[in-house]
Amino acid sequence: MLLGISYDENINNWATASLIEAMKGAGHEVKAFRLSDVSAQIPYRFTHLEDEDISGMAGVVVRTIGFGTGDQVTFRISLLEHFEDAGIYVMNPAYSFRRAKDKYATLTTLHRAGIYVPRTFVGENIDAAVKFVDEVGDVVIKPMIGSRGLGSIHAEHPELTYRAMKFIHQLGQVLYVQETIQKPERDIRAFVIGGKLVGAMYRYVPERRGEWRTNIHEGGRAEPAQLSEEYEECAIKTAEVLRLDYTGVDILESKAGPCVIEANAAPSWSGLSQVTGLDIAGMIVDRLVELAKK
Ligand SMILES: Nc1ncnc2c1ncn2[C@@H]1O[C@H](COP(=O)(O)OP(=O)(O)O)[C@@H](O)[C@H]1O
Ligand SMILES: [Mg+2]
């Protein structure tokens, strides 16, 4: 079958390349494209660049929708929904992808389903954010949309917290401020495909002065993890509630048990493959083909 993959030059190329290889290895034809290069016609016609018809795709893996203005991002999300209307299986589904990219929408959905998430402030009013910090104390400030630990700040000092928030506000970004969860110097990345936990690892805080994040991208060290039933259930339920066909769930080991901070809709798995030897790309492609056939 003809399978698509939406990518962008600079984002997670390794994962994109492994997926393309796995698709070809399974005998499929592959079309890789940037969503910004795809045009749509109503009712159902999709072309890549000038006039290459890609309407016949059976399924698409969305690795990224790329960067852009509010207009461009809205168009690309609607385009994924249009693919779905046309019977092209989108993985992760358009709405799930959009929601997982937005940490605010992710946490409200998880909380509603009874999953433990950190106490979090979201808004555009600095004074309201300051009041929240006064109440909560030690906080983490992160971009509401974004990834790989970039831009996250652990602000223990009130003055620094204020200045960081002011700066973010001036950049025109929404304030996303969260209580710091007390936990060991590691957290868990659990990889779920098709509702099953396929592997998990501990990510340790790198030995760098002041570092507190565990992102592999920031140099975090990985080790394979055998999750307890409680943590396994939490990871599977997170994927299910967010309707993610494959995802990397970030879980903190809090004193009150598993605490979910995000679920990645286009996770990378180089760290996980290294520590577990699993063929993650193959499993993702198998799942896509299974869903695209339905
Ligand atoms: N509330 C929190 N308490 C303690 N540590 C956190 C908290 N939120 C994030 N971290 C740390 O920062 C890292 C990055 O945060 P995360 O929410 O996963 O954002 P992203 O990976 O998209 O940058 C996490 O892997 C974790 O190590
Ligand atoms: Mg993360």
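Which residues in helix 1 are buried? The views below take up this question in a predicted model.

**View 1. Helix 1 and its buried residues.** Helix 1 covers residues 13-25, and its end C-alpha atoms are 18 Å apart, which agrees with the 18 Å that its 13 residues should span at 1.5 Å a residue. The buried residues in helix 1 are A15, T16, S18, L19, I20, A22 and M23, and they pack against strand 1 (2-6), strand 2 (29-33), strand 6 (59-62) and helix 9. Just after the helix, G27 takes a positive phi of about 85°.

**View 2. The surroundings of L19.** When neighbours within four places in sequence are left aside, L19 is in contact with I5, V61, A281, I284 and V285.

View 3. Four strands form an open sheet in the order 2-1-6-7, with parallel pairing. Strand 2 and strand 7 (89-91) are the edge strands, each pairing on one side only, and the twist from one strand to the next averages 20°. Within this sheet, strand 1 and strand 6 run parallel and are joined by four bridges.

**View 4. The nonpolar cores.** The largest nonpolar core has 60 residues, and those with the most contacts inside it are L19, V60, V62, V90 and I251. Helix 9 (residues 280-293) supplies the largest share of this core, six residues, while domain 1 (2-91) and domain 2 (100-116 + 183-277) each contribute at least three. Apart from this core lies another, of 10 residues, including F132, I141, I168 and V177.

Technical notes
Residues are numbered from 1 along each chain as its sequence is written. Chains are lettered from A and ligands numbered from 1 in the order in which they are written. This is a predicted model: local features need pLDDT of at least 70, side-chain atom pairs count only at pLDDT 80 or more; totals for chains, interfaces and linings use all residues. A nonpolar core is a set of buried Ala, Val, Leu, Ile, Met, Phe, Trp, Tyr and Cys residues joined through C-beta atoms within 7 Å. A residue is buried if 20 or more other C-beta atoms lie within 10 Å of its own, exposed if 12 or fewer, and partly exposed in between; C-beta atoms are placed from the backbone. Helices (H or I, at least four residues) and strands (E, at least two) are DSSP runs, numbered from the N terminus. Domain bounds come from an automatic or database domain assignment. Two residues are in contact if their C-beta atoms, placed from the backbone, lie within 7 Å. The expected span of a helix is 1.5 Å times one less than its number of residues. Two strands pair if DSSP finds at least two bridges between them. Axes are lines fitted to C-alpha atoms, for helices over the stretch in contact, and angles run from 0 to 180 degrees between N-to-C directions.
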